Structures are given as C-alpha cells and as structure tokens.
Amino acid sequence: MSKNIEELKSLSTQIRRDIVRMVHAVNSGHPGGSLGCVEYFTALYGKVMNYNLPFTMEGKNEDLFFLSNGHISPVFYSTLARFDFFPVAELATFRKLDSRLQGHPTTHEGLPGIRVASGSLGQGLSVALGAAQAKKLDGDKSIVYSLHGDGELQEGQIWEALMYGAAKKVDNIIATIDYNGRQIDGDTDDVLSLGDLHAKLEAFGWLVLEEKNGNDLEAVIAILEKAKSETGNGKPVAILLHTEMGQGIDYMMGSHAWHGKAPNDEQLASALQQLQLDEITDY
Ligand SMILES: [Mg+2]
C-alpha cells in the first residue's frame, strides 16, 4: 500500500512478466486483456483502494473490487500475490488441477482476494451494485470498484444493471470499462459496435469519466482519484479507460490475436526480453 510511483511502475513490469510466464507454462489463458489492464490493477491496489489484510470475505468498512471480465485472471492473480494476499510462489499453479488459481476466478477454492466467481460475462456489474447497496444499508462509506471488458458490454444484463444503478442512485460505485476496442473475435466495432458509449452511459444516468492513456500509471491513478471525488453525488460513476490489448509486448499489441492465446517458448523469451527490470523477482 505504501509503494511510490517508481516502485509501482517496476511492479507493473514484474506483473507483466508473471502474466506471460503463467499462460506460457500451461499453454492457455488470456494474456492480451491482462497486459492491457496492468496499470489499472497496480493503481487500484497500490494507491487508490482501501482494503484490509488478511483478506476477509465480509469486507466491512473497506473498499471492494469485483472483476467482471474474469478471463483476465492472470493480471488479477499476479496483483493479489504481489500485494500480499497470498504467496507469489502459488502463481506457478495457475490453471492446474486442484489449484486455487483456476482459469476463471471462483470462490470455491478460497483464494484470498476473490469475492465472486466471474467469467460468465455481463454479471459483475449487477454483483458490484448489490454490494454497493449493501454498504449503504450498513452505513458503510466505502466504495465498490468493478472492471469490465468493452466486449462484455454487449451482454444485455449490463444494460439492466446500468439502468438499475442510476435509478437507485447507487453513487458509491466506480465501474471501469477496459476500453481497448477489441474482443476475442476481432474489433468490437466489427463484432457488435457499442456506438457512442460515452453518450449511452450518460443517457443511462451515469456520471462518465474518460481517460485516453489507460496504460499511463499516473493518469490511471488520477482518473480513479477523480472518480472517487465524484462518488456520493447521487449518480453511479463509470470510467472509460482506453488501454492497449497486449500492452508492453510488441508482437501482441495492435491486434485481438492474443486475447486468449499463450506464447510459445520463443515468443516468451522475446516477451521477457522486452520486460526488463533492475531487480527481477519471478516466482
Ligand atoms: Mg476489449
């Protein structure tokens, strides 16, 4: 919690190393969106969110985070491990039988930091809104954060939840959309265009913030802090966070191809070469 910006930037590179090593080790998983969301996670867990360790499922009087696009579990697991929710060495069990680090997060395995199963897209906003309302009923002033893929917004349940959040004035939630313009089958504009998403979210009654540099750590911290300052004003808050799928690895950027594909041995070596650090602490 007390890391400075330079330390968080180094940590972001280490998390990227973890992501590519994890998916390479089992030849499966989702590196693209994971790499694109690293700065969101390091900002959230390193600067913005107030949370308690050791983790408790109850989560009273602390901020909560719900990952709705559960397939980007590599960045979530690495972040949780690097922020001391569970041992970093456990990252080596990713996607293995009997591991607590399943391909998509579940609560059944009892992994600290995981509050809900996710991976079935479109559900996380409803979950987060429910948790936010529960906090209000409890007189708990904490904030609920959630993260969603932009492709995920094609799910109908999202729009029910958006309507609900505004109608019920759930103003203690900050829902971030990983606005990378890509999804598993191609560009979101080609698969099913979201149109003017900013205007649509506003029309649904949300306060909408937008950050074009979603892979700039300081910018991400700033937009999250801005969002925090907008809570409690009668409207739920959304952030459109522009990121690059595959950020940090040249051959993964600029395409949807690495949404759910693991690098081979040569590709891993190239990726790690691009993710250099003064002090590497690979698991
Ligand atoms: Mg996307």
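Modeller: The description below begins with the whole chain and then turns to the sheet and its surroundings. The model is a predicted one. The protein chain contains ten helices and seven strands. Its radius of gyration is 18 Å, close to the 19 Å that the globule rule gives for 283 residues, so the chain is as compact as a globular protein of that length. Along the principal axes, the C-alpha trace spans about 50 × 45 × 35 Å. Buried residues account for 48% of the 283 residues. Of the contacts between residues at least 6 apart in sequence, 77% join residues at least 24 apart. According to the unreviewed UniProt entry, residues 14–278 carry the annotation "domain: Transketolase N-terminal". The end C-alpha atoms of that span lie 10 Å apart, and the span is 38% helix and 11% strand.

The sheet itself is open and consists of five strands in the order 1-2-3-7-6, with parallel pairing. Strand 1 (64–67) and strand 6 (207–211) stand at the edges with a single partner strand each, so one side of each has no neighbour in the sheet. On average, and with direction ignored, neighbouring strands are turned by 20° against each other. Strand 3 (residues 173–178) pairs with strand 7 (residues 237–241) in the parallel sense over five bridges. Within this pairing, threonine 176 has isoleucine 239 of strand 7 as its bridge partner. Helix 5 (residues 124–137) packs on the sheet and touches strand 1, strand 2 (144–149) and strand 3; the direction of helix 5 makes about 170° with that of strand 2.

Phenylalanine 66 stands opposite serine 146 in strand 2. From strand 1, Leu64 and Phe66 point one way while Phe65 and Leu67 point the other way, and all of these are buried.

Residues up to four places away in sequence aside, alanine 128 touches Phe66, Val144, Ser146, Ile173 and Ala175. The largest nonpolar core has 72 residues, and Leu44, Ala128 and Ile173 are those with the most contacts inside it. Helix 3 (residues 38–48) supplies the largest share of this core, seven residues.

The loop between helix 3 and strand 1 holds tyrosine 51. Tyrosine 51 is partly exposed, with 17 other C-beta atoms within 10 Å. Its contacts, neighbours within four places in sequence aside, are with Glu62 and Asp63. Tyrosine 51 and leucine 64 are 13 residues apart in sequence, and their C-alpha atoms are 7.4 Å apart in space.

Among the buried residues of helix 4 are Ser73, Tyr77 and Arg82. The cover over the buried residues of helix 4 includes helix 1 (5–26), helix 2 (31–36), helix 3 and strand 1. Just after helix 4, aspartate 84 takes a positive phi of about 70°.

Note on methods: Residues numbered from 1 in each chain as written. Predicted model: local features only at pLDDT ≥ 70, side-chain atom pairs only at ≥ 80, totals over all residues. Core = buried A, V, L, I, M, F, W, Y, C linked by C-beta atoms within 7 Å. Buried ≥ 20, exposed ≤ 12 C-beta atoms within 10 Å, placed from the backbone. Helix = DSSP H or I, 4+ residues; strand = E, 2+ residues; numbered from the N terminus. Contact = placed C-beta atoms within 7 Å. UniProt positions renumbered as here; feature names shortened; annotations may be inferred. Rg over C-alpha atoms; globule rule 2.2 N^0.38 Å. Pairing = 2+ DSSP bridges. Axes fitted to C-alpha atoms, helices over the stretch in contact; angles between N-to-C directions.
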